[in-house]
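Look at the model, then read on.

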Amino acid sequence: MMALLVLSVVVQRNLFVVVVLSGIYSFLMATVLVALDAVDVAMTEAAVGAGISTVLLLSAIHLAGAEESRPLRYRLPALLVSIGVAAALVYGSLGLPRFSDPAAPIHTHVVPRYIQDGPRETGVPNMVTFVLASYRGYDTFGETTVVFTAGIGVIALLRGRRKKKQSEANAEIRHDA
Amino acid sequence: MVIMPLSDHYTYWITILLMVAGLYVVIARSNLIKKLVGLAIFQTSVYLLYIAPGKLIGGTAPIASAQFSVYSNPLPHVLILTAIVVGIATLALGLALVVRIKESFNSIEEDEVLVAVHGDAMSEDGDA
Amino acid sequence: MRDFFVLRVVAKMLIPFMLIFALYVQFHGDFGPGGGFQAGVIVAAAVIFYALIFGLPAARLLVPDALVESMMALGVLIYGGTGIAGMLLGGNFLDYFVLSANPVTGQHVGIFLVEAGVLVTVSGVMLKIFYVFAGRAKLPPG
Amino acid sequence: MSAEHLPVLLVVVPLLAAPLIVLFRSGRAGWLLAVLASMVSLACAIGLFVQVRGGTVISYAIGNWAPPWGIEYRVDVLNAFVLILVSGVATIVSVYARTSVISEVPSDRHYLFYAMFLLCLSGLLGMTVTDDVFNIFVFLEISSLSGYVLIALGRERRALHAAFQYLILGTIGATFYIIGVGFLYLVTGTLNIVDMAGRIQAVADHRPVLAALAFMTVGLSLKAALFPLHAWLPSAYSTAPGAVAAFMAGTATKVSLYVFIRLLFGVFGARLVLQDLPLLEALSLLSIAAMLVASLVAVMEKDLKRLLAYSSVAQIGYITLGVSLANQDGLTAAVVHLFNHGIAKAALFMLVGGAALRLGGCRLEVLAGMGQRMPLSAFCIVIAGLSLIGVPGTAGFITKWHLVLAAAEAGQWLTIVAIGASSLLAAAYVWRFVEAAYFTAPRHHGVQEVSVGMLAPAVIMTVACVYFGLDTSFTLGAAREAAELLLGAVK
């Protein structure tokens, strides 16, 4: 079902439909993530993928137009690159541990300490929370900085600098300067 | 649907199909917004590469409790949370650029924009 | 949209609940799914909801741009400040053990502070991005 | 706070200065903070370099969680050397930026520019100093996102398209990198580089490791603009504001290359015998192609900034050529060229950026007669250009000499011919500037030299190109030690 959705994104030319489809895609992804026990990730993916991205994409379409004017063309180089990437991925995946193999390295190294000692060392039962905020808190610091960077980046790109005819909106933007 | 281990590597292959479809959209389509949607799908699919192997059948979500002893791996969840945030940050910036490109070039089709870019380079007076 | 009386009343009733839910997600993050990022998104969503019903200028009056921009910066500073505090108290950067006499309490304090930092930055940025995009889009003014 | 915190202060000071600038909202305060924070980083980098000289390795456990459970900062002579390059270029460019920003960026965005500049700097420093493959990704994204915005702040509308193109390719690169990290994590269970190097030898199946190597190589090559994945670089560097072009040309691609070198030798080298890999041959062929093709394109270019950008692609080829030779001299050349090329390109982009502001463009016909109108700028461009060619007495010569030694040691005589040919092409593209600046009648009248604020940093950087060509104890000494370290990890 997800694959079908993605294929329709490839073919569909109306951007509005594409955005809605990608929102549904994120929602399905969130469902799959719940099935895989990743509840925190699922919650975030639903909020971000189905929520924020969709709102952002819709407002961008509102500003930039909704119809893709180029007809669908099958570009050989792009297809070749994609097939090459897929081949490399399949080749690599053949050597990976089986699905749900408790002896896989990711289950036997590093993580056991989080599971066994983490709740006691930090006093927090949600392992995702304490790994995120404490053991790997520096990544999350970086992540917060990424969000901050995007925020001031959007301001730097979109503040002010509009054509004169939109002076009304300009006045509105002035008071944050 | 993904949790059924039909084959040992079934989950990996689903992930791969999704990733490559996203990548194809990025490279092949000329509409800039469509490119960004493709990019988002490409990134989202990578999440499965991390999360799916973290699942242990019979395990539970990694929240410590007296009733359970087997938990799915929390570390990939943490990494992917960070990756989701990075993805949305990239999307927001990309869309801001698209809006500016639309205002400056009056088009969001890559080939049309490219023609205009070359025009600017020739006349050497690109307007701001 | 001003005229949709029902919408306005429902919104007024719903928004406080959204904010409380955000706080729940923030603090319950220790025990269940959730945390600063998700809560930040919900806070921003509450204000965006307000803006959709009452118009962008009204939302900007309620939560001014200057405040939003400061929030973006403040969250990062709270997070980094927690890290620096760990250093000043004799530990490494982001060392929560030293934040309190009891290491486990220290971890609690540290996690609480950095999650608060994430909340502030994320809600600020999401809101600001909405303001900027919506400001360009000339959303129907109130 | 004592010296033990230097590794983290180096990154956190510029990172936290950025939100402070946003709080103050003043262009002038932003500039002061940017200069100060860059200087603090430089001081930290120098302090670290002094400590790690002679083989000491500094490990810093962030959050006091021992690696591999927590994130570790790890400094040795190799990354300390790169840190000095990045923070040094940042310090000099941040001084230069004041004038460049005033003339190229709208005034209500000045403080945002400096905040972005510092974020980009801390992202690059964070990538260099960390020993955690996922943390590299996070800081890579900080530097990339801020980089896209910095480029888009260029005056012409072309800058927007260049930034968008860079955003797409950069994100594909970062995603490829993260796919590679995923493979490595799934087979080793760890994200810490040192831990990974130890555990990768026990991995039974080599297929995921090879796939990881392939994805990380392609991902980082996209970020490093390795030929033929350089499509974003010329348009990005030629349309970005002058200070941004100088900063990024001097640092951004170099840090991606550093990460590539670190992973290749620090992680994969421990498992895969480098001589058995087709990767090195492929890298060597691509490097030679870059040196020749990109130089040739540079010779044809009519715009000086694009000419320099293509020259960058060619010079990146020298670095990867040194890596592909994988012997002591080759790696020494690669590491020292990270530095030597970084300072030469930063100097050139600062000088050309200033000239473009004065003369209203940087097509070669616009620069006609620059030697008379702006004698010092033109002279410095020629000197830094000589370093690109590799004339004895400049820093570029040191690299060329060791590359030739390395190729001779490996018995690759054709490679030496290619180095010679590429140097001739470099001489040709530098000559095109000389011809325009000194042997063409000036088009502009009453044009003056750029202001001291822009000229002084550029001159200092140019002098550095000559200084490090004459006194090589610092650069070559560090590079030799780093090369020994890398080869030691493989054996």
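Q: How many residues does the contact take from chain D and from chain A?
A: It takes 42 residues from chain D and 36 residues from chain A. Two residues are in contact if their C-beta atoms, placed from the backbone, lie within 7 Å. This is a predicted model: local features need pLDDT of at least 70, side-chain atom pairs count only at pLDDT 80 or more, and totals for chains, interfaces and linings use all residues. Residues are numbered from 1 along each chain as its sequence is written, and chains are lettered from A and ligands numbered from 1 in the order in which they are written.

Q: Which helix of chain D gives the largest share of the side that touches chain A?
A: Helix 5 of chain D, with ten residues. Helices (H or I, at least four residues) are DSSP runs, numbered from the N terminus.

Q: Why are helix 3 of chain A and helix 2 of chain B called roughly antiparallel?
A: Their axes cross at roughly 175° and come within 11 Å. Axes are lines fitted to C-alpha atoms, for helices over the stretch in contact, and angles run from 0 to 180 degrees between N-to-C directions. Angles over 145 degrees count as roughly antiparallel. Therefore these two helices are roughly antiparallel to each other.

Q: What classes of residue make up the contact of helix 3 of chain A with helix 2 of chain B?
A: Eight are nonpolar, three polar and none charged. Ala, Val, Leu, Ile, Met, Phe, Trp, Tyr, Cys and Pro count as nonpolar, Asp, Glu, Lys and Arg as charged, and the others, Gly among them, as polar. Gly49(A), Ser53(A) and Thr44(B) are among the residues that meet here.

Q: Which helix of chain B gives the most to the side that touches chain A?
A: Helix 3 of chain B, with 22 residues.

Notes: Parallel < 35°, antiparallel > 145°, perpendicular 65-115°, else oblique.
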